[in-house]
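The sequence and structure are shown first.

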Amino acid sequence: MANVAKKVSWSGRDRDEEDEPPAAGEATPLLNGASPGAAGGPPHSRPETEATNQFPSEIPHNEKLLLLKYESLDYDNCENQLFLEEERRINHTAFRTVEIKRWVICAMIGILTGLVACFIDIVVEKLAGLKFRVVKDNIDKFTEKGGLSFSLLLWAILNSSVVMVGSVIVAFIEPVAAGSGIPQIKCYLNGVKIPHVVRLKTLMIKVCGVILSVVGGLAVGKEGPMIHSGAVIAAGISQGRSTSLKRDFKIFEYFRRDTEKRDFVSAGAAAGVSAAFGAPVGGVLFSLEEGASFWNQFLTWRIFFASMISTFTLNSILSFYHGNPWDLSSPGLINFGRFDSEKLGYTFQEIPIFIVMGVVGGILGAIFNALNYWLTMFRIRYIHRPCLQVIEAMLVAAVTAAVGFVMIYCSSDCQPLQGDSVAYPLQLFCADGEYNSMATAFFNTPEKSVVSLFHNPPGSYNPMTLGMFTLMYFFLACWTYGLTVSAGVFIPSLLIGAAWGRLFGISLAYLTSGAIWADPGKYALMGAAAQLGGIVRMTLSLTVIMMEATGNVTYGFPIMLALMTAKIVGDYFVEGLYDMHIQLQSVPFLHWEAPVTSHSLTAREVMSAPVTCLRRIEKVGTVVDILSDTSSNHNGFPVVESSPDPTQVGQTTGRPAASPAPGPWAAEVAGLRGLILRSQLIVLLKHKVFVERANLTLVQRRLKLKDFRDAYPRFPPIQSIHVSQDERECMMDLTEFMNPSPYTVPQEASLPRVFKLFRALGLRHLVVVDNHNEVVGLVTRKDLARYRLGKEGLEELSLAQT
């Protein structure tokens, strides 16, 4: 086994008690492989090179790295005196009122998420329809006259220009809005603070970006970003104010803390899935399986309520928009259409076929993820400038249009035109009354292409058409995921799977001489499920989403079988796409369990030491100096008992608690008394909660919990707080503000035990004490996340600043 007990020092630091968020000039990290600041340099590196050259031509990246710039969220309530006094004042009626407010917030989340989904759907339908009509008229005109190269040019220019706008707003205004947003939300719910991930500006860029991406013809879907959009809506509504707009509505103030916000973000993610697929139960299960790291029964009901309201809102508005207001026939952004289970049942001999399809889906998913992994590494190293990211997005848009045009042009698959079954039929070189079958796949939004592959009658597609389309779209989708645009991978995955699944069904029909059970549409559905499962590795939630989106329970077992097989086969080769991108961005993500071979490690070996401790009554100047020290941006400080002589207070500050300096007072130093956070100290300094040294009386009014909630979540930096020389000589009494009962572990505790306690309780700091209750170290998220199971056993990741 590798030597994992070795401590790592980075940039001259010996502690990693959580880092401050990136400064204003620092690049915002994101999780889709397109960030200038997301690439971690080697350990011990400092950004001197970036000071002289803001965008070097290559950023070295090592995937066996954790970045220190990711801060943790506080999912453990600080039960200090202020908190306990407030809780004791709240009677049973007030608690009922708080619970009712939670339900009201969930209803508002559902309504607003549904409205955002409606807006995206209607705008995409209008703009994409306009683009396809312009290009179709142009192609029809030049087919007769000659000069189809002008049509290709028009299509490529239209795609590139639309995608350019979508990429510019993401790359230059809010980079964290790139991609689907699911890895970011997964990290947030795990307890990692990804800067700007739930801001209003992110939502605006996300919505505009996904509209432009889909209209621009990229191999993307609008369903994935709905999950991120729902999460941002939930985070905003639950706080009762907008820090971006600097408006405080003075409502929902009780929920201004990370624990409450996390639960509402879980509801928002579920509402996003529900709006995207018309699957409220699938939304709840998605939030449970893929998103939430913490769960309870009461949360389940509230999340289900938000999902239900989201689907109903979307359904009502879209049904009204489509002219049948009482029909409620549009439950989600994508409707897979109804499968007739009487005609399309399945038999016992088909079960091995479904398992084989699951194996194919798992292998293709693993290939997709492996290709995207190397592509993302290339992007992190070389395509890190915003202008290069925009150029790459435009290039992909132009290539997508060119590939589509060439494949339509070269295809001789002509099918008879029947009614309005095809939205934009391209005749090209086909006879009158016929249309080009390849055009229905490429010359359409991905959602409509999926539905046509599911439901078009047998014989609608030539096997060569489906084979070529699968091959080309597979590589286009792989190239597209990770661009600096807002886009999801759900629909492209379903489209790839539906294409090869239909091809599979056609082959079976040919081999069985047209047996009635070998229906291409049914196998297109199974292929779509297997392909998506092979890429994102979802099982339970995806089964229910597919069942709800198709309105068919009959296929529940085959879908489950295909998904389970795809996950098992895919996991054998590589990780799922979302987990892979989280790992690539060096995020300290904590999985459900500690590495299986880590019992040999103890808290003493994994903790960070020495620890910066504060006294219960501390000198203001000492606190300011500690918070201002740029070399140690610690976020949690154990509080120990004051020395009997107040003149000696602070002499031990910053020393290892386990080995105080010699002196007459050293033996009298008591053990751990509590834990206080940087954010709390900053609020105390801001409000000048100082005690006069002479008579120990309060200088200003007593702080309330509301003062801390008003400062949440953007606490001011220490540099913005002015402390005069006279004030530096005052004292601060931390007794009523510190958490007097922080979680502790003895230094002999094993790593799995420490991990379980830290992970299950959503902690940010875990104090390690000796037999005398004296602080010897502190365990943070990065101390635990840097141990993982590699190919050669347990390995320790390096830690780096950038």
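Which residues lie nearest the centre of the second largest cavity? They are Val220, Thr480, Tyr481, Gly482 and Ala487, from a lining of 13 residues.

The model is predicted, with local features requiring pLDDT of at least 70 and side-chain atom pairs pLDDT 80 or more, while totals for chains, interfaces and linings use all residues. Residues are numbered from 1 along each chain as its sequence is written, and side-chain values use heavy atoms, without hydrogens or water.

**Cavities**

A cavity is a set of points, on a 1 Å grid over the protein atoms alone, where a 1.4 Å probe fits but cannot get out; its lining residues have an atom within 4 Å of a point. Three cavities of 30 Å³ or more are counted, a volume being the space filled by probe spheres set on the points, which are joined across faces, edges and corners.

| Cavity | Volume | Lining residues by class |
|---|---|---|
| Largest | About 180 Å³ | eleven nonpolar, six polar, one charged |

The largest cavity holds about 180 Å³ of space. Its lining comprises 18 residues, with Gly217, Leu218, Thr400, Phe442 and Asn444 closest to the centre. Two or more lining residues come from each of α3, α4 (149–172), α12 (386–410) and α13 (437–442). Helices are DSSP runs (H or I, at least four residues) numbered from the N terminus.

**Helix packing**

The axes of α4 and α6 (residues 200–215) lie 8 Å apart at an angle of about 160°; axes are lines fitted to C-alpha atoms over the stretch in contact, and angles run from 0 to 180 degrees between N-to-C directions. The pair is therefore roughly antiparallel, the term for angles over 145 degrees. Contact (heavy atoms within 4.5 Å) involves residues including Val162, Gly166 and Ile169 of α4 and Ile205, Cys208 and Leu212 of α6. By class, the α4–α6 contact has nine nonpolar, three polar and no charged residues.

Helix α3 (residues 92–145) and helix α7 (residues 224–239) have axes that come within 9 Å and cross at roughly 140°. The two are therefore oblique to each other. Among the residues that meet are Ile105, Leu112 and Ile120 in α3 and Met226, Ile233 and Ile237 in α7. The contact of α3 with α7 divides into eleven nonpolar, three polar and no charged residues.

Note on methods. Angles under 35 degrees count as roughly parallel, over 145 as roughly antiparallel, 65 to 115 as roughly perpendicular and the rest as oblique. Ala, Val, Leu, Ile, Met, Phe, Trp, Tyr, Cys and Pro count as nonpolar, Asp, Glu, Lys and Arg as charged, and the others, Gly among them, as polar. On a 1 Å grid over the protein atoms alone, a cavity is a set of points where a 1.4 Å probe fits but cannot get out, and a pocket is an open set with protein on both sides within 12 Å along at least five of seven lines; lining residues have an atom within 4 Å of a point.
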